[in-house]
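I opened the model today to look at a ligand site and a helix. My notes follow.

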Amino acid sequence: MEYYGDDSPIAALATGCGENALAVVRTSGKDCLRLLASVFSPSQKLLSAPGNSIVLGWMLSKPSPSADQSAPSSMQTVKTPERIDQVLVSVFRAPKSFTGEDCADISCHGGSAAVNGVMASLRAAGFRDSLRGEFTFRAFMNGKIDLTRSESIMEIVSSKTEKSLQNAVRRLSGALEREIRSIKDRLVEALAAVEIALDYSEDELPNGEDEQFGALPKKPLIKDCFQSLQELSASFRMERLYQDGAVVVIAGRPNAGKSSLFNRLLKQDRSIVTDAPGTTRDYIEAAVAVQGIPIRLVDTAGLRETENMVERIGVEYTRNLMESADALLYVVDGVEGLTAEDGAFLDNADARLTNTGKVIIVFNKADLLTERGADRLFVSAKTGQGLDDLVQAVVQVLRVDPAAAPVGIASARQKDLIDSAVDCLSSALALSENREPLDVIAPLVRNAVDALGEITGQVSTADILETMFSKFCVGK
Ligand SMILES: Nc1nc2c(ncn2[C@@H]2O[C@H](COP(=O)(O)OP(=O)(O)OP(=O)(O)O)[C@@H](O)[C@H]2O)c(=O)[nH]1
Ligand SMILES: [Mg+2]
């Protein structure tokens with residue numbers, strides 16, 4: 001069975017499917033270059049290529065015995081290899097490669113026939129298809145990157161806005177790894193002091209160590225780590241928002257100007273606008289970005305009771321979409337003002353939305369108004385007035401924090417581990433307030449250190465020992 005963790009030669013298409021100018025097939029593993037050379041011409045050139053160089057040549061089909069198996073072996077012919085595609089091979093030699101193994105990236109032409117041909121000949125040469133994330137897994141196993149950087153690679157791949165890309169790139173550059181390691185180092189220092197205090201009974205404490213039994217050594221340091229971890233944990237919401245984006249639904253009665261507003265926010269005529277109520281039947285969605293947050297903006301069928309089957313289904317869609325919205329723009333025709341029907345729909349929306357405070361009431365057609373009530377958000381989809389205020393209101397509902405910490409966590413795995421470290425430290429601090437004995441508190445601090453070690457994939461016990469011996473000279 002195939003499993004992560006071996007060094008067998010693997011291959012995978014790294015670029016998208018479909019008709020593209022070029023595609024990249026990646027390979028890595030034991031004997032990678034030799035196996036690739038068996039289906040490449042000129043093979044000698046590839047075999048002697050230094051690391052970080054590029055070789056131009058042909059991918060070939062694997063030479064195979066003729067299909068006529070009934071012929072005596074002496075008569076069996078060997079099919080001459082056929083040229084599959086002209087390719088560029090980027091050669092990387094261990095350990096100077098992404099995975100730390102010998103690697104080759106094959107840039108071939110992007111049509112599916114060329115890609116399939118290249119993959120088939122690699123399989124025939126002895127490569128197996130890689131498992132999900134296996135290249136990155138190998139990079140981690142070979143000490144090329146820590147776990148936070150591994151995760152950031154997937155985050156970069158899925159980034160939809162410049163801001164989310166920026167944050168993920170920061171993690172790839174090691175900003176999160178450094179932050180976690182720095183907190184962990186401080187915590188290890190505290191743990192070492194706790195272990196020392198545990199090892200000595202009260203009357204045996206070494207000179208200068210005046211911690212009493214029950215008092216938590218390095219308590220301010222532990223508090224400091226606790227706070228830093230809490231901040232990191234809180235950064236998760238914003239980072240997920242940058243990565244996953246938010247759903248913003250535009251709803252309201254027919255003819256309020258929902259589709260006009262949708263088009264205005266999109267800066268293109270995407271949704272049909274007419275002066276006939278009930279124009280939009282099916283919902284329409286498009287992607288926009290608001291302050292670096294990817295938004296799925298949805299225009300919906302106007303809310304009203306109707307006998308028309310198609311429209312009724314559209315209205316039901318609208319109601320369901322309102323439930324899943326992160327922010328709901330409820331558009332009101334500013335000339336008509338809020339009607340009793342609007343009131344009923346809004347009550348209904350409030351009840352359906354999992355969280356209140358998500359609804360923004362937008363009074364549209366401000367260009368037709370001479371008087372405007374205070375404390376209301378007036379916009380004109382026609383002229384664009386008030387749009388900046390509307391965007392600001394969306395930002396507020398989504399609780400976008402422009403001053404968010406420059407390094408944040410974006411993976412649920414990291415969040416779980418940080419939360420578990422936060423819980424441990426919180427209990428440790430609470431127990432120390434109650435003057436509970438150190439042997440009850442120490443395991444909690446140790447668990448917090450282990451959780452942080454797990455985030456980056458470090459082994460933790462060795463460095464606790466290292467710090468203990470180097471700083472406290474217990475063994476003398
Ligand atoms: N003067 C003015 N007219 C607007 C404005 N916004 C929309 N309209 C007009 O109002 C009418 C309805 O606009 P739509 O955008 O189709 O309204 P809707 O809410 O999508 O309507 P349904 O799809 O039927 O639910 C059209 O004639 C628009 O030109 C605005 O800000 N000012
Ligand atoms: Mg519409």
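**Entry 1: ligand contacts.** I began with ligand 1 and Ser380. An N or O atom in the Ser380 side chain sits 3.3 Å from an oxygen atom of ligand 1. I keep in mind that this is a predicted model.

Next I checked Lys382. There a polar backbone atom is 3.1 Å from an oxygen atom of the ligand. For Lys258, I found a polar side-chain atom 2.7 Å from an oxygen atom of ligand 1.

Then I looked up the cover. Ligand 1 taken alone exposes 650 Å², and the protein buries 88% of that.

**Entry 2: the shell.** I counted 23 residues around ligand 1. Lys258, Ser260, Gly278, Thr279 and Asp367 come nearest. By type, the shell has seven nonpolar, eleven polar and five charged residues. Which helix gives the most to this shell? I found H9, residues 258-266, with three residues.

**Entry 3: helix H10.** I moved on to residues 309-324, which form H10. I noted 16 residues and a reach of 23 Å from the first C-alpha to the last. That is close to the 22 Å expected at 1.5 Å a residue.

I listed the buried residues of H10: Glu311, Gly314, Val315, Thr318, Arg319, Leu321 and Met322. Why do they lie on the same side of H10? They cover an arc of only 165° around the axis, so they share one side. On the face turned away from that buried side, I noted the exposed residues Met309 and Val310.

Last, I checked the start of H10. A side-chain oxygen of Asn308 comes to within 2.9 Å of the backbone nitrogen of Val310.

Terms used. Residues are numbered from 1 along each chain as its sequence is written. Chains are lettered from A and ligands numbered from 1 in the order in which they are written. This is a predicted model: local features need pLDDT of at least 70, side-chain atom pairs count only at pLDDT 80 or more; totals for chains, interfaces and linings use all residues. Side-chain values use heavy atoms; hydrogens and water are left out. Helices (H or I, at least four residues) and strands (E, at least two) are DSSP runs, numbered from the N terminus. The expected span of a helix is 1.5 Å times one less than its number of residues. Buried means under 20% relative accessible area, exposed over 50%, partly exposed in between (1.4 Å probe, protein chains only). The arc is that of the directions from the helix axis to the C-beta atoms. A polar contact is a pair of N or O atoms within 3.5 Å; within protein, one must be able to donate a hydrogen and the other to accept it, and residues adjacent in sequence count only if both atoms are side-chain atoms. A residue is near a molecule or strand if one of its heavy atoms lies within 4 Å of it. Accessible areas come from the Shrake-Rupley method with a 1.4 Å probe; for residues, only the protein chains shown count as cover. Ala, Val, Leu, Ile, Met, Phe, Trp, Tyr, Cys and Pro count as nonpolar, Asp, Glu, Lys and Arg as charged, and the others, Gly among them, as polar.
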